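Welcome to this short briefing. Please take a look at the sequence and the model, and then read on.

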Amino acid sequence: MPQTFLPADAPGAADTEPAARATRLTKLYGRGETQVVALDGVTVAFGRARFTAVMGPSGSGKSTLMHCMAGLDRATSGSAQIGGVELAELNDRQLTALRREKVGFVFQGFNLLPTLTAYENMTLPLRLAGRRPDAAWSDTVIAATGLSERLTHRPAELSGGQQQRVAVARALMSRPEIVFADEPTGNLDSRSGAHVLDFLRASVDELGQTVVMVTHDTVAAAHADRVVSLADGMPVDELHEPTSGAVVDRMLAFETQGRLIG
Ligand code: ADP
Ligand code: MG
(Lines give C-alpha, C1' and ligand atoms only; values in the text may rest on other atoms or scores of the structure.)
(Ligands and ions follow the chains in the order given, each with its own letter.)
Protein backbone atom coordinates (compact mmCIF):
# COMPACT_ATOMS: atom_id res chain seq x y z
CA MET A 1 0.00 0.00 0.00
CA PRO A 2 1.46 3.42 -0.88
CA GLN A 3 2.29 5.78 1.98
CA THR A 4 -0.36 8.45 1.54
CA PHE A 5 0.68 10.75 4.35
CA LEU A 6 3.85 12.57 5.29
CA PRO A 7 5.92 10.94 8.01
CA ALA A 8 5.46 12.73 11.34
CA ASP A 9 9.00 14.14 11.23
CA ALA A 10 8.84 15.51 7.67
CA PRO A 11 9.30 19.30 7.43
CA GLY A 12 5.97 21.00 7.98
CA ALA A 13 4.28 17.70 8.77
CA ALA A 14 3.41 18.84 12.28
CA ASP A 15 1.31 21.62 10.81
CA THR A 16 -0.52 19.59 8.23
CA GLU A 17 -0.80 16.04 9.52
CA PRO A 18 -3.66 15.57 11.96
CA ALA A 19 -2.92 13.78 15.23
CA ALA A 20 -5.33 11.04 14.21
CA ARG A 21 -7.60 10.24 11.35
CA ALA A 22 -10.14 7.62 10.38
CA THR A 23 -11.01 6.93 6.76
CA ARG A 24 -14.10 4.88 5.89
CA LEU A 25 -13.67 3.07 9.19
CA THR A 26 -16.15 0.26 9.85
CA LYS A 27 -16.67 -2.02 12.82
CA LEU A 28 -19.07 -4.94 12.80
CA TYR A 29 -19.89 -6.95 15.90
CA GLY A 30 -21.18 -10.51 15.62
CA ARG A 31 -22.42 -12.15 12.44
CA GLY A 32 -25.58 -13.15 10.60
CA GLU A 33 -28.93 -12.18 12.08
CA THR A 34 -27.45 -10.59 15.16
CA GLN A 35 -24.73 -8.59 13.42
CA VAL A 36 -24.41 -4.99 14.56
CA VAL A 37 -22.84 -2.26 12.42
CA ALA A 38 -21.25 -0.11 15.13
CA LEU A 39 -19.23 2.04 12.69
CA ASP A 40 -20.56 2.46 9.18
CA GLY A 41 -17.71 4.10 7.27
CA VAL A 42 -16.47 6.94 9.48
CA THR A 43 -14.14 9.54 7.95
CA VAL A 44 -12.91 12.10 10.43
CA ALA A 45 -9.62 13.85 11.31
CA PHE A 46 -8.51 15.29 14.63
CA GLY A 47 -6.11 18.22 14.20
CA ARG A 48 -3.16 18.76 16.52
CA ALA A 49 -3.66 20.82 19.67
CA ARG A 50 -7.41 20.87 19.10
CA PHE A 51 -10.16 19.83 21.49
CA THR A 52 -12.97 17.88 19.81
CA ALA A 53 -16.17 16.68 21.46
CA VAL A 54 -17.94 13.62 20.04
CA MET A 55 -21.67 13.49 20.72
CA GLY A 56 -24.56 11.32 19.61
CA PRO A 57 -27.28 9.08 21.02
CA SER A 58 -26.49 6.00 23.08
CA GLY A 59 -25.43 3.19 20.72
CA SER A 60 -24.36 5.57 17.92
CA GLY A 61 -20.79 4.20 17.98
CA LYS A 62 -18.93 6.83 20.02
CA SER A 63 -17.07 4.38 22.27
CA THR A 64 -16.37 2.03 19.38
CA LEU A 65 -14.84 4.92 17.42
CA MET A 66 -12.62 5.89 20.38
CA HIS A 67 -11.53 2.27 20.92
CA CYS A 68 -10.75 1.61 17.24
CA MET A 69 -8.87 4.90 16.82
CA ALA A 70 -6.93 4.42 20.07
CA GLY A 71 -5.84 0.89 19.14
CA LEU A 72 -7.81 -0.66 22.01
CA ASP A 73 -9.88 -2.60 19.48
CA ARG A 74 -9.41 -3.51 15.82
CA ALA A 75 -11.67 -2.10 13.13
CA THR A 76 -13.30 -4.42 10.58
CA SER A 77 -12.23 -2.36 7.56
CA GLY A 78 -11.02 1.09 6.63
CA SER A 79 -8.11 3.03 8.01
CA ALA A 80 -7.27 4.39 11.45
CA GLN A 81 -4.05 6.34 11.87
CA ILE A 82 -2.27 7.89 14.81
CA GLY A 83 0.40 10.41 13.79
CA GLY A 84 0.38 8.96 10.27
CA VAL A 85 0.88 5.36 11.46
CA GLU A 86 -1.67 2.89 10.08
CA LEU A 87 -2.96 0.82 13.00
CA ALA A 88 -4.13 -2.09 10.82
CA GLU A 89 -0.55 -2.66 9.70
CA LEU A 90 0.71 -3.20 13.25
CA ASN A 91 0.86 -6.59 14.96
CA ASP A 92 -0.43 -6.85 18.52
CA ARG A 93 2.94 -6.14 20.09
CA GLN A 94 3.49 -3.06 17.91
CA LEU A 95 -0.04 -1.87 18.63
CA THR A 96 0.57 -2.13 22.38
CA ALA A 97 3.80 -0.16 22.00
CA LEU A 98 2.07 2.54 19.93
CA ARG A 99 -0.71 2.80 22.51
CA ARG A 100 1.83 3.25 25.31
CA GLU A 101 3.83 5.87 23.45
CA LYS A 102 1.29 7.84 21.49
CA VAL A 103 -2.15 7.45 23.06
CA GLY A 104 -3.67 8.52 26.35
CA PHE A 105 -7.07 7.16 27.33
CA VAL A 106 -9.44 8.41 30.04
CA PHE A 107 -12.42 6.24 30.97
CA GLN A 108 -15.67 7.16 32.70
CA GLY A 109 -14.72 5.07 35.75
CA PHE A 110 -11.33 6.43 36.73
CA ASN A 111 -9.56 3.04 36.70
CA LEU A 112 -6.97 4.06 39.28
CA LEU A 113 -5.14 1.43 41.29
CA PRO A 114 -6.35 1.77 44.91
CA THR A 115 -3.07 0.81 46.58
CA LEU A 116 -0.97 3.35 44.65
CA THR A 117 -0.67 7.05 45.47
CA ALA A 118 -1.91 9.73 43.08
CA TYR A 119 1.63 10.28 41.80
CA GLU A 120 2.28 6.55 41.38
CA ASN A 121 -0.97 6.19 39.46
CA MET A 122 -0.06 9.10 37.17
CA THR A 123 3.33 7.64 36.29
CA LEU A 124 2.42 3.93 36.24
CA PRO A 125 1.97 3.55 32.44
CA LEU A 126 5.34 5.21 31.82
CA ARG A 127 7.06 3.00 34.36
CA LEU A 128 5.41 -0.09 32.85
CA ALA A 129 6.88 1.03 29.52
CA GLY A 130 10.30 1.26 31.20
CA ARG A 131 10.44 5.03 30.83
CA ARG A 132 11.04 7.74 33.38
CA PRO A 133 8.69 10.69 33.43
CA ASP A 134 10.34 13.79 31.97
CA ALA A 135 10.78 15.94 35.09
CA ALA A 136 9.84 19.28 33.56
CA TRP A 137 6.81 17.85 31.76
CA SER A 138 5.61 15.94 34.81
CA ASP A 139 5.89 19.13 36.93
CA THR A 140 3.86 21.00 34.32
CA VAL A 141 1.16 18.33 34.19
CA ILE A 142 0.98 18.06 37.99
CA ALA A 143 0.73 21.84 38.37
CA ALA A 144 -2.15 21.81 35.87
CA THR A 145 -4.03 19.17 37.89
CA GLY A 146 -4.14 21.47 40.92
CA LEU A 147 -3.26 18.37 43.00
CA SER A 148 0.36 19.17 43.91
CA GLU A 149 -0.50 18.93 47.61
CA ARG A 150 -2.21 15.58 47.25
CA LEU A 151 0.31 13.51 45.33
CA THR A 152 0.84 11.06 48.19
CA HIS A 153 -2.89 10.50 48.72
CA ARG A 154 -4.48 7.25 47.62
CA PRO A 155 -7.57 7.33 45.37
CA ALA A 156 -9.95 6.63 48.29
CA GLU A 157 -8.67 9.83 49.94
CA LEU A 158 -9.56 11.93 46.89
CA SER A 159 -12.93 13.18 45.61
CA GLY A 160 -14.33 11.85 42.32
CA GLY A 161 -13.25 14.98 40.48
CA GLN A 162 -9.75 14.77 41.94
CA GLN A 163 -9.51 11.09 40.98
CA GLN A 164 -10.51 11.92 37.43
CA ARG A 165 -7.88 14.66 37.27
CA VAL A 166 -5.32 12.04 38.32
CA ALA A 167 -6.60 9.85 35.46
CA VAL A 168 -6.26 12.75 33.00
CA ALA A 169 -2.73 13.46 34.27
CA ARG A 170 -1.92 9.78 33.80
CA ALA A 171 -3.10 10.04 30.18
CA LEU A 172 -0.96 13.15 29.59
CA MET A 173 2.20 11.94 31.31
CA SER A 174 3.74 10.27 28.25
CA ARG A 175 3.02 13.43 26.22
CA PRO A 176 0.94 11.36 23.81
CA GLU A 177 0.05 12.29 20.27
CA ILE A 178 -3.62 12.25 21.29
CA VAL A 179 -5.81 11.79 24.36
CA PHE A 180 -9.16 10.04 24.00
CA ALA A 181 -11.61 10.53 26.85
CA ASP A 182 -14.86 8.53 26.89
CA GLU A 183 -17.44 10.42 28.96
CA PRO A 184 -14.79 11.57 31.47
CA THR A 185 -17.30 13.68 33.40
CA GLY A 186 -20.16 11.16 33.20
CA ASN A 187 -19.79 10.11 36.84
CA LEU A 188 -19.09 13.56 38.27
CA ASP A 189 -21.25 16.32 39.70
CA SER A 190 -21.18 19.48 37.59
CA ARG A 191 -18.62 21.30 39.75
CA SER A 192 -16.10 18.43 39.74
CA GLY A 193 -16.84 17.93 36.06
CA ALA A 194 -16.02 21.59 35.41
CA HIS A 195 -12.59 21.15 37.03
CA VAL A 196 -11.85 18.16 34.80
CA LEU A 197 -13.04 20.04 31.69
CA ASP A 198 -10.91 23.07 32.60
CA PHE A 199 -7.92 20.74 32.97
CA LEU A 200 -8.56 19.15 29.56
CA ARG A 201 -8.98 22.61 28.02
CA ALA A 202 -5.71 23.79 29.62
CA SER A 203 -3.91 20.70 28.33
CA VAL A 204 -4.87 21.80 24.82
CA ASP A 205 -4.26 25.54 25.20
CA GLU A 206 -1.16 25.50 27.38
CA LEU A 207 0.43 22.11 26.72
CA GLY A 208 -0.54 21.72 23.06
CA GLN A 209 -2.25 18.36 23.60
CA THR A 210 -4.83 16.97 21.19
CA VAL A 211 -7.98 15.85 22.98
CA VAL A 212 -11.04 13.97 21.74
CA MET A 213 -13.81 13.65 24.31
CA VAL A 214 -17.09 11.75 24.14
CA THR A 215 -19.84 13.47 26.09
CA HIS A 216 -23.63 13.62 26.40
CA ASP A 217 -23.45 16.97 28.10
CA THR A 218 -23.90 20.10 25.99
CA VAL A 219 -22.12 22.22 28.62
CA ALA A 220 -19.13 19.86 28.50
CA ALA A 221 -19.19 19.92 24.69
CA ALA A 222 -19.01 23.72 24.76
CA HIS A 223 -15.49 23.44 26.22
CA ALA A 224 -14.34 21.95 22.90
CA ASP A 225 -13.26 23.74 19.71
CA ARG A 226 -15.44 21.51 17.60
CA VAL A 227 -18.32 19.08 18.06
CA VAL A 228 -18.69 16.02 15.81
CA SER A 229 -22.05 14.26 16.11
CA LEU A 230 -22.51 10.58 15.31
CA ALA A 231 -25.75 8.76 14.49
CA ASP A 232 -25.96 5.07 13.55
CA GLY A 233 -22.19 4.76 13.28
CA MET A 234 -21.65 7.77 11.02
CA PRO A 235 -20.74 11.44 11.48
CA VAL A 236 -23.85 13.45 10.70
CA ASP A 237 -23.05 16.95 11.87
CA GLU A 238 -20.22 19.27 12.86
CA LEU A 239 -20.18 22.47 14.83
CA HIS A 240 -17.20 24.81 15.32
CA GLU A 241 -16.53 27.04 18.33
CA PRO A 242 -19.68 25.63 19.93
CA THR A 243 -21.64 27.29 22.70
CA SER A 244 -23.85 25.03 24.80
CA GLY A 245 -26.89 26.87 23.39
CA ALA A 246 -25.80 26.16 19.83
CA VAL A 247 -25.25 22.47 20.66
CA VAL A 248 -28.73 22.24 22.20
CA ASP A 249 -30.29 23.96 19.17
CA ARG A 250 -28.57 21.56 16.82
CA MET A 251 -29.65 18.53 18.83
CA LEU A 252 -33.26 19.73 18.87
CA ALA A 253 -33.14 20.34 15.12
CA PHE A 254 -31.96 16.76 14.62
CA GLU A 255 -34.70 15.32 16.81
CA THR A 256 -37.35 17.26 14.90
CA GLN A 257 -35.87 16.12 11.58
CA GLY A 258 -35.84 12.53 12.82
CA ARG A 259 -39.50 12.76 13.75
CA LEU A 260 -40.44 14.28 10.38
CA ILE A 261 -38.52 11.63 8.44
CA GLY A 262 -39.31 8.71 10.72
P1 ADP B 1 -22.01 4.58 22.21
O2 ADP B 1 -20.69 4.67 22.89
O3 ADP B 1 -22.29 5.68 21.24
O4 ADP B 1 -23.15 4.42 23.18
P5 ADP B 1 -21.07 1.99 21.29
O6 ADP B 1 -19.88 2.31 20.46
O7 ADP B 1 -20.81 1.50 22.67
O8 ADP B 1 -22.03 3.25 21.30
O9 ADP B 1 -21.94 0.91 20.55
C10 ADP B 1 -22.32 1.00 19.18
C11 ADP B 1 -23.13 -0.23 18.81
O12 ADP B 1 -22.31 -1.39 18.88
C13 ADP B 1 -24.30 -0.50 19.75
O14 ADP B 1 -25.35 -1.03 19.00
C15 ADP B 1 -23.73 -1.53 20.71
O16 ADP B 1 -24.76 -2.32 21.24
C17 ADP B 1 -22.83 -2.33 19.81
N18 ADP B 1 -21.69 -2.90 20.54
C19 ADP B 1 -20.72 -2.21 21.20
N20 ADP B 1 -19.81 -3.05 21.72
C21 ADP B 1 -20.20 -4.30 21.38
C22 ADP B 1 -19.67 -5.61 21.61
N23 ADP B 1 -18.53 -5.80 22.30
N24 ADP B 1 -20.34 -6.66 21.10
C25 ADP B 1 -21.48 -6.50 20.38
N26 ADP B 1 -22.03 -5.30 20.13
C27 ADP B 1 -21.40 -4.21 20.61
MG1 MG C 1 -20.16 4.78 24.93
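Buried means under 20% relative accessible area, exposed means over 50%, and partly exposed lies in between (1.4 Å probe, protein chains only). This is a predicted model, in which local features need pLDDT of at least 70 and side-chain atom pairs count only at pLDDT 80 or more, while totals for chains, interfaces and linings use all residues. Residues are numbered from 1 along each chain as its sequence is written, chains are lettered from A and ligands numbered from 1 in the order in which they are written, and side-chain values use heavy atoms, with hydrogens and water left out.

**Helix 7**

- Helix 7 covers residues 190-205; helices (H or I, at least four residues) and strands (E, at least two) are DSSP runs, numbered from the N terminus.
- From its first C-alpha to its last, this helix of 16 residues reaches 22 Å, close to the 22 Å expected at 1.5 Å a residue (the expected span is 1.5 Å times one less than the number of residues).
- Its buried residues include Ser192, Gly193, Val196, Leu197 and Phe199.
- The buried residues of helix 7 pack against strand 3 (51-55), helix 5 (135-145), helix 6, strand 8 (211-214) and helix 8 (218-221), where contact means heavy atoms within 4.5 Å.
- Aspartate 189 caps the N-terminal end of helix 7, with a side-chain oxygen 3.0 Å from the backbone nitrogen of arginine 191.

**Ligand 1 and its surroundings**

- Which residues surround ligand 1? They are Tyr29, Val36, Ala38, Pro57, Ser58, Gly59, Ser60, Gly61, Lys62, Ser63 and Thr64, where near means that a heavy atom of the residue lies within 4 Å.
- This shell divides into four nonpolar residues, six polar and one charged; Ala, Val, Leu, Ile, Met, Phe, Trp, Tyr, Cys and Pro count as nonpolar, Asp, Glu, Lys and Arg as charged, and the others, Gly among them, as polar.
- Strand 2 (36-46) and helix 2 (62-70) each supply at least two residues of the shell, and helix 2 gives the most, with three.
- An oxygen atom of ligand 1 lies 2.9 Å from a polar backbone atom of serine 63, and a polar side-chain atom of threonine 64 is 2.5 Å from an oxygen atom of the ligand.
- Taken alone, ligand 1 exposes 560 Å², and the protein buries 58% of that (accessible areas come from the Shrake-Rupley method with a 1.4 Å probe; for residues, only the protein chains shown count as cover).

**Helix 2**

- Seven of the nine residues of helix 2 are buried, so this helix is largely enclosed by the rest of the structure.
- Among those buried residues are Lys62 and Thr64, which also belong to the shell around ligand 1.
- Glycine 71 follows helix 2 and has a positive phi, near 75°.

**Two buried loop residues**

- Glutamate 177 sits in the loop between helix 6 (160-172) and strand 7 (178-182), and counts as buried because its relative accessibility is 19%.
- The side chains of glutamate 177 and arginine 48 are joined by a polar contact of 2.3 Å; a polar contact is a pair of N or O atoms within 3.5 Å, and within protein one must be able to donate a hydrogen and the other to accept it, while residues adjacent in sequence count only if both atoms are side-chain atoms.
- Glutamate 177 and alanine 19 are 158 residues apart along the chain, with 6.0 Å between their C-alpha atoms.
- A polar side-chain atom of threonine 215 lies 3.0 Å from the backbone nitrogen of aspartate 217.
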